Amino acid sequence: MATEIVIGSLRPKPVVPPIDHSYQIVSPGDIITTDTGFMRGHGTYVEHDVIKSSVAGVVERVNRLICVRPLRTRYNGDVGDVVVGRIKEIGQKRWKVDTFSRLDSILMLSSVNLPGGVLRRRSAEDELMMREYFAEGDLISAEVQSLFGDGSLSLHTRSLKYGKLTRGCMVAVPPALVKRRKTHFHN
């Protein structure tokens, strides 16, 4: 019975498929294109008829529009997005929630289901009991209800899917890595 020993450097190299270079990563000041047929979008500027990048990111081309999607950015909310945030402050009939967006998000007392699922007007008693619903430091799941003029988000937890998160592990990821989908809930 013969045993064959092959030295590691003499082994045949595995064939590696070519890498798809359909995306282009640029840093500020890099030339994206010299073609004057393109329109500039977010993250770009024109200097001497050349489109250059103003941020570090990935170049996105849509027809004749060129944009640069930044690699590191704050969260820009849209109506219907599901967010996880931490209660920062309790104010008059509202909670301030940190959702890693440019400004703090707002969760109004009227946008929260009361314990027991009772639908009624919010009273002064409810305002005094706000710390019992959500306290500073609590993690919550909520949906973006609307956007204010200054860019801050209005949240709501008017469904059984949303509310205080009690068990589990919080993992923070950059917003650029999250793809927008119709639903982000999994069973």
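Guide: Strand 10 (residues 105-112) and strand 12 run parallel, with three bridges joining them. Strands here are DSSP runs (E, at least two residues), numbered from the N terminus, and two strands pair if DSSP finds at least two bridges between them. This is a predicted model, where local features need pLDDT of at least 70 and side-chain atom pairs count only at pLDDT 80 or more, while totals for chains, interfaces and linings use all residues. Residues are numbered from 1 along each chain as its sequence is written, and side-chain values use heavy atoms, with hydrogens and water left out.

Visitor: Which residue of strand 12 does Leu 107 stand opposite?

Guide: Leu 107 stands opposite Leu 155. Val 144 also stands opposite Leu 155.

Visitor: And strand 11, parallel or antiparallel to strand 12?

Guide: Antiparallel: four bridges join strand 11 (residues 139-147) to strand 12. The hairpin of these two has five residues between the strands, and Gly 151 there takes a positive phi near 100°.

Visitor: How many residues of strand 12 are buried?

Guide: Five of its five, across residues 153-157; buried means under 20% relative accessible area, exposed over 50%, partly exposed in between (1.4 Å probe, protein chains only). Leu 153, Leu 155 and Thr 157 point one way, Ser 154 and His 156 the other way, and all are buried.

Visitor: What about Ser 154, what does it touch?

Guide: Leaving out residues up to four places away in sequence, Ser 154 touches Ile 106, Glu 143, Val 144, Gln 145, Ser 146 and Phe 148, where contact means heavy atoms within 4.5 Å. Its relative accessible area is 6%, so Ser 154 counts as buried.

Visitor: New topic. What order do the strands take in the open sheet of four?

Guide: The order is 1-6-7-3, with mixed pairing. Strand 1 (25-26) and strand 3 (39-40) are at the edges with a single partner strand each, so one side of each has no neighbour in the sheet.

Visitor: How does strand 3 run against strand 7?

Guide: Parallel to strand 7 (residues 65-70), with two bridges. Met 39 stands opposite Leu 65 there.

Visitor: Last one: which residues make the nonpolar surface patch?

Guide: Val 171, Val 173, Leu 177 and Val 178, covering about 400 Å². Leu 177, in the segment after strand 13 (163-165), is at 64% relative accessibility, so Leu 177 counts as exposed. Patches take residues with over 30% relative accessible area and no salt bridge, joining like charges within 9 Å and nonpolar side chains (Val, Leu, Ile, Met, Phe, Trp, Tyr) within 5 Å. A salt bridge is a side-chain nitrogen of Lys or Arg within 4 Å of a carboxyl oxygen of Asp or Glu, and accessible areas come from the Shrake-Rupley method with a 1.4 Å probe, only the protein chains shown counting as cover for residues.
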